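Here is a quick briefing for anyone opening this structure for the first time. Have a look around, then read on.

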Amino acid sequence: MTETATAHATTVSRAEYCVIACAEAWRGDGEILASPMGTIPSIGARLAKLTFSPDLLLTDGEALIVADVPALGAEPQLVEGWLPYRQHLAMVTGGKRHVMMGASQIDRFGNQNISCIGDWERPARQLLGVRGAPVNTLNNPTSYWVPKHGPRVFVERVDMVCGVGYDRATGPYHDLRRVVSDLGVFDFAGEDHAMRLASIHPGVSVEQVLAATGFPLAVPADVPFTREPTAAELRLIREVIDPKNWRDREVRP
């Protein structure tokens with residue numbers, strides 16, 4: 001790590017690097033519904049809308065498209081549209097939504113599990129269930145957020161396929177964009193769309209990522225650091241979007 005990166009890492013938290021990495025998932029998406037799931041993805045989506053992706057559509061979590069970008073936990077003040085459930089499903093199935101989901105397990109081709117741990121017929125742990133993961137991954141751009149990177153999450157084979165990976169599906173809207181964890185950013189630019197290490201957060205080593213990953217990970221010769229937030233982005237994160245610092249509860253310093 002360079003001296004500049006080391007110095008800046010003392011002022012930018014790991015959670016804030018994760019926010020930047022999540023925000024970048026929506027760069028260039030244009031007028032599309034952003035559906036972040038989790039605290040840091042929610043901050044990232046708001047940051048993207050306030051900076052480089054102003055055409056993103058954000059909801060209040062129910063049926064309203066909001067025009068302003070409220071702080072986490074605050075009520076929106078400006079509403080620009082109504083999004084009934086039927087119209088929401090039309091956006092989902094037509095590629096007009098980019099969702100960032102969580103993953104209890106994810107493998108090298110992007111198959112995701114949020115349903116159970118262990119044998120499906122007699123699981124050791126029951127989780128959320130399949131929910132909308134198959135429809136999300138087959139019908140609109142999908143990214144993933146993993147707040148605690150480890151070999152129990154990044155596994156050789158998921159116990160149950162919920163979100164569909166590149167070795168199981170193709171189609172006009174099947175588009176797995178990126179995986180963001182507390183260690184780095186990953187895409188699917190490896191051979192046969194295998195997961196590849198795209199960047200590491202400052203303070204993290206490639207060796208640390210490999211040790212925490214339960215499958216062979218494609219690693220380029222030169223792995224960059226996750227980009228630095230600008231001063232304006234840090235102000236938005238700390239003062240406008242997340243003044244109560246919920247981000248550090250999801251990724252602890």
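Is Arg238 buried, partly exposed or exposed? With a relative accessible area of 34%, Arg238 is partly exposed; here buried means under 20% relative accessible area, exposed over 50%, and partly exposed in between (1.4 Å probe, protein chains only).

Before going further, some ground rules: this is a predicted model, where local features need pLDDT of at least 70, side-chain atom pairs count only at pLDDT 80 or more, and totals for chains, interfaces and linings use all residues. Residues are numbered from 1 along each chain as its sequence is written, and side-chain values use heavy atoms, with hydrogens and water left out.

- Helices here are DSSP runs (H or I, at least four residues), as are strands (E, at least two), and both are numbered from the N terminus.
- The buried residues of helix 2 include Glu16, Tyr17, Cys18 and Glu24.
- As for Glu24, its relative accessibility is 16%, so it counts as buried.

**How the helices cross**

- Two packed helices are described by the angle between their axes and the distance between the axes. The axes used here are lines fitted to C-alpha atoms, for helices over the stretch in contact, and the angles run from 0 to 180 degrees between N-to-C directions.
- The axes of helix 2 and helix 3 come within 7 Å, crossing at roughly 60°. That makes helix 2 and helix 3 oblique to each other; angles under 35 degrees count as roughly parallel, over 145 as roughly antiparallel, 65 to 115 as roughly perpendicular, and the rest as oblique.
- Helix 3 (residues 39-50) also meets helix 7 (residues 231-241): their axes come within 11 Å and cross at roughly 120°. Helix 3 and helix 7 are therefore oblique to each other too.
- What is the handedness of the crossing where helix 2 passes helix 3? It is right-handed, and helix 3 passes helix 7 in a right-handed crossing as well. A crossing is right-handed if the near helix is turned clockwise from the far one by less than a right angle, and left-handed if anticlockwise.

**Salt bridges**

- How many salt bridges does a search of the whole structure find? The search turns up nine, a salt bridge being a side-chain nitrogen of Lys or Arg within 4 Å of a carboxyl oxygen of Asp or Glu.
- One of them joins the side chains of Arg227 and Glu24, at 2.6 Å from N to O. Arg227 sits in the loop between helix 6 (206-211) and helix 7, while Glu24 is in helix 2, so the pair ties together parts that are 203 residues apart in sequence.
- Arg227 counts as partly exposed, at 27% relative accessibility. The side chain of Arg227 also meets that of Glu233 in a salt bridge (2.8 Å, N to O), and Glu233 is buried, with a relative accessible area of 5%.
- Arg177 pairs with Asp29 in another salt bridge, where the closest N and O atoms are 3.0 Å apart. Arg177 belongs to strand 11 (residues 176-181) and Asp29 to the loop between helix 2 and strand 1 (33-36), so this pair links parts 148 residues apart in sequence.
- Of these two partners, Arg177 is partly exposed at 30% relative accessibility, whereas Asp29 is buried with a relative accessible area of 16%.
- Salt bridges also link Glu16, Arg238, Asp242 and Arg247 in a network.

**Back to Arg238**

- Arg238 is found in helix 7.
- The C-alpha atoms of Arg238 and Ala71 are separated by 10.0 Å, though the two residues are 167 apart along the chain.

**Strand residues, inside and out**

- His98 has its place in strand 5 (residues 97-102) and is buried, with a relative accessible area of 0%. His98 and Asn139 are 41 residues apart in sequence and 9.7 Å apart in space, C-alpha to C-alpha.
- Trp145, in strand 10 (residues 142-146), is buried at 3% relative accessibility.
- Trp82 lies in strand 4 (residues 79-82) and is exposed, with a relative accessible area of 57%.
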